[in-house]
Amino acid sequence: MLSTAQADLLTESFARIRASSADYSTLFYHRLFLRHPFVRSLFPDDLTPQVTIFHATIDALVAGVHDLPSQHATLSEMGRRHVRYGVKAAHYAMVGEVLIDTLAELSGAAFTRRTRVAWETLYAEVARVMIDAADSDG
């Protein structure tokens, strides 16, 4: 469960990431396909819309991080939708690792151990909600 202090830390961390000259969403997909090339087939050839959607999703997630349960319905629907794209529960760990490493890279020295734990806690909650919803449909 994400604490209030962790939610505050995520908000601060994300503000720094958004201020970076690099786009976290584009960098995330670049890293994801380098580390796990087999997942490329789960995505359309033109990634432009996907990058935009991912960006908006992460932005909304962090904007609502202080009330994560209010986002569970949206996350559940997203989890059910991802099944149709071929996403398996095992993919979530890969995505989480790449996402957090990407955010760490963009944050530099400001990405402390506490910051990493806060992002890992958030991602674990998001993945749990999405996987549970996907499993409940199958």
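Colleague: Let's start with α4: which residues are exposed on its other side, and how do I read that word?

Modeller: Exposed means over 50% relative accessible area, buried means under 20%, and partly exposed lies in between (1.4 Å probe, protein chains only). In α4, Ala73, Thr74 and Arg84 are exposed on that other side, while Leu75, Ser76, Met78 and Gly79 are buried. Seen down the axis of α4, the buried residues fall within an arc of 160 degrees, so they line one face of the helix. The arc is that of the directions from the helix axis to the C-beta atoms. One caution: this is a predicted model, where local features need pLDDT of at least 70, side-chain atom pairs count only at pLDDT 80 or more, and totals for chains, interfaces and linings use all residues. Residues are numbered from 1 along each chain as its sequence is written, and side-chain values use heavy atoms, with hydrogens and water left out.

Colleague: How many helices and strands does the chain have?

Modeller: Helices (H or I, at least four residues) and strands (E, at least two) are DSSP runs, numbered from the N terminus. Here you get 6 helices and 0 strands. The radius of gyration is 14 Å, close to the 14 Å that the globule rule gives for 138 residues, so the chain is as compact as a globular protein of that length. That radius is taken over C-alpha atoms, and the rule is 2.2 Å times the number of residues to the power 0.38. Of the 138 residues, 44% count as buried.

Colleague: What span should helix α3 have at 1.5 Å a residue?

Modeller: The expected span is 1.5 Å times one less than the number of residues. For the 16 residues of α3 (residues 48–63) that should be 22 Å, and the end C-alpha atoms are 23 Å apart, which agrees. The buried residues of α3 are Val51, Phe54, His55, Ile58, Asp59, Leu61 and Val62. Down the axis of α3 they fall within an arc of 165 degrees, so they line one face. Turned away from that buried side are the exposed residues Thr52 and Ala63.

Colleague: His55 is on that buried list. What does the side chain of histidine 55 make a polar contact with?

Modeller: A polar contact is a pair of N or O atoms within 3.5 Å; within protein, one must be able to donate a hydrogen and the other to accept it, and residues adjacent in sequence count only if both atoms are side-chain atoms. For histidine 55 the partner is the side chain of aspartate 23, at 3.0 Å. Histidine 55 counts as buried because its relative accessibility is 19%.

Colleague: And where is histidine 66, and what does it touch?

Modeller: Histidine 66 sits in the loop between α3 and α4 (72–84). Contact means heavy atoms within 4.5 Å. Not counting residues up to four places away in sequence, histidine 66 touches Thr4, Ala7, Asp8 and Thr11. A polar contact of 2.5 Å joins its side chain to that of aspartate 8.

Colleague: Which residues of the largest nonpolar core touch the most other members?

Modeller: In soluble globular proteins, nonpolar side chains tend to be buried together. A nonpolar core is a set of buried Ala, Val, Leu, Ile, Met, Phe, Trp, Tyr and Cys residues joined through side-chain atoms within 4.5 Å. Of the 41 residues in the largest one, Tyr24, Tyr29, Trp119 and Leu122 touch the most other members. The largest share of this core, 9 residues, comes from α6. Tryptophan 119 touches residues including Leu10, Phe14, Val62 and Leu103.
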